[in-house]
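Here is a walk through one protein model and its ligand. Keep the coordinates open and follow along.

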Amino acid sequence: MNRRNTTIGIGLLGAGVVGSQVARVILAPDADHRLSLHGILVRDVERQRDGVPSELLTTDPESVLGDDRNDIIIEVMGGEEPARSYMATALSAGKHVVTANKEALAKHGDELTNLAAQNGVSLSFEASVGGGIPVLAAIQDSLTANRIESIRAIINGTTNYVLSSMNESGMSFEDALSEAQKLGYAEADPTADVDAHDAVYKLSILARLAFGASAHPDMIHREGIRNIGAKDLRYASALGFTIKLLAIARVGSEGVRCRVHPALVPVDVPMANVNGVLNAVELNGDLIGPLWLQGRGAGAGPTASAVMGDVLRIAKGISAKPSPLSINGELNGVQSTDAQRSERIDAPNVVDMNDLQARYYIRLTCLDRFGVLAKIASVFGDATISIASVLQFDADDEHGLADLVIMTHPSHEASMQEAASRLRQLDVVASLENLIRVEDYDTV
Ligand code: NAP
Ligand code: HSE
């Protein structure tokens, strides 16, 4: 792709929220005139799409993938298949691929990257993480001299919107989700967002680029937000915290631990004030120190911004190189920046949660009578977990129950899980409602 001043052919796979916007940008009168959109793959050619010429629509993948005029294939269909095979076909045919598809990348990034390298083309995917936030470009280019030590991020707008609404208005998870669906922020099937699969895919991509860690989604600890109640946000607030779905990857002596779960975040740190559908990423590099990126993580405009940034970089011949997303940090790129970076990375292992040290918030519904606290405290003592505070809320005289919120000092995850399982068996505990890690803001 070094044909300056010649036409650059583009095939588009998908014309939904993102693809239609990408088509409009390419076809705009003031667009780069070298770009020529030759075909758009969709399921339904009869559907009206604002600003997208119907004569470009097709349901035949071969007519887009097999069109020799296309130099770049933009994949914005989503999902694992057939997106993965279409991208593989395009790369094998020597076409550059630009994608926003975090699921296909997180699960098949090694295969696709190797295909790109073998065929001397690029696989670009800025839009797959953080929508319009240029976080992958920052990691791969501007921060390439750094050893990235940690990443902490809000990378799912839907869940951030739901938690923000619950926090602001005191509404239940179900009501907040339903409102998000009515406003078009949440999908009709919210599983990928609410159960944190989406954030795990994005963290998997971030961990590979930042640490060279082969963090398959199955190796990333995942907890969604279904279990967060209005009470948790109310009690967290009383303790000086809010609750956010965080994606965290941090390098330690044993390797890199990747986790996505709700966390108590102190109300006075910037992450606590990232609300609605906004995304934010905190990075810590050995040279740059802490870095903060915030912006719109989804939506037609921000996502098309990232997709078209990749397309135009390829068009300018800057990024016509293999991507460094690869197995075990064995970076495929042969360019100097990637090679320099690879020398600094000893692809870290991905480690499990057992040795995590964290403070914990535990909410119990328990009997409201003498001796209960002593029984509960003995479970923590037996597990060598030190209690920092105990608060009782919402005593229910009619049923003789109360909510107990226990905050611990830093403890081992394995010990905490063992204690949680013993607490559930206590006759004085009606239920262990929630166990939420507290995010420590003394470290990034
Ligand atoms: P979308 O609105 O559901 O659009 C998907 C498009 O792909 C539709 O045009 C659909 O055709 C087409 N399509 C899907 N499966 C197909 C198949 N098997 N054969 C042919 N066409 C097929 O999705 P989107 O929101 O634009 O998202 C696209 C990608 O961008 C996803 O990977 C998503 O994760 C990623 N992304 C989205 C956002 C966002 O804000 N939406 C942000 C960041 C990343 P029809 O229109 O005919 O049904
Ligand atoms: N569903 C994602 C979110 C947007 O809620 O952030 C696409 O990455």
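Start with a charged pair. Asp 32 and Arg 34 form a salt bridge, with their closest N and O atoms 2.7 Å apart. Keep in mind that this is a predicted model. Arg 34 has a relative accessibility of 16%, so this residue counts as buried under the 20% limit. Asp 32 is partly exposed, at 26%.

Another pair is Arg 69 and Asp 67. Their side chains meet in a salt bridge, at 2.7 Å from N to O. Here Asp 67 is buried, with a relative accessible area of 13%. Arg 69 is partly exposed, at 49%.

Which residue forms a salt bridge with Lys 102? The partner is Asp 198, and the closest N and O atoms are 3.2 Å apart. This pair links distant parts of the chain. Lys 102 sits in helix 4 (residues 102-119), Asp 198 in helix 9, and 96 residues separate them. Asp 198 is buried, at 5% relative accessible area. Lys 102 is partly exposed, at 24%.

Salt bridges also join into a network. Arg 152, Arg 250, Arg 259, Glu 282 and Glu 439 are linked in this way. Across the whole structure, a search finds 22 salt bridges.

Now turn to the ligand. Look at the oxygen atoms of ligand 1. One lies 2.6 Å from a side-chain N or O atom of Arg 47. A backbone N or O atom of Gly 299 is 2.6 Å from a ligand oxygen. A polar backbone atom of Arg 43 is 2.9 Å from an oxygen of the ligand. Taken alone, ligand 1 exposes 890 Å², and the protein buries 79% of that.

The largest nonpolar core has 78 residues. Val 135, Ile 155, Leu 203, Leu 206, Phe 211, Val 260 and Leu 264 have the most contacts inside this core. Helix 9 (residues 197-211) supplies the largest share, nine residues. A second, separate core has 28 residues, including Ile 8, Leu 37, Val 76 and Val 98.

Zoom in on Ile 155. Beyond its sequence neighbours, Ile 155 touches Asp 198, Leu 203 and Leu 206, among others.

Finish at Thr 159 in helix 6 (residues 157-169). Is Thr 159 buried or exposed? Thr 159 counts as buried, at 1% relative accessibility. Leaving aside neighbours within four places in sequence, Thr 159 contacts Asp 193, Val 194, Ile 225 and Leu 245.

Terms used
Residues are numbered from 1 along each chain as its sequence is written. Chains are lettered from A and ligands numbered from 1 in the order in which they are written. This is a predicted model: local features need pLDDT of at least 70, side-chain atom pairs count only at pLDDT 80 or more; totals for chains, interfaces and linings use all residues. Side-chain values use heavy atoms; hydrogens and water are left out. A nonpolar core is a set of buried Ala, Val, Leu, Ile, Met, Phe, Trp, Tyr and Cys residues joined through side-chain atoms within 4.5 Å. Buried means under 20% relative accessible area, exposed over 50%, partly exposed in between (1.4 Å probe, protein chains only). Helices (H or I, at least four residues) and strands (E, at least two) are DSSP runs, numbered from the N terminus. Contact means heavy atoms within 4.5 Å. A polar contact is a pair of N or O atoms within 3.5 Å; within protein, one must be able to donate a hydrogen and the other to accept it, and residues adjacent in sequence count only if both atoms are side-chain atoms. Accessible areas come from the Shrake-Rupley method with a 1.4 Å probe; for residues, only the protein chains shown count as cover. A salt bridge is a side-chain nitrogen of Lys or Arg within 4 Å of a carboxyl oxygen of Asp or Glu.
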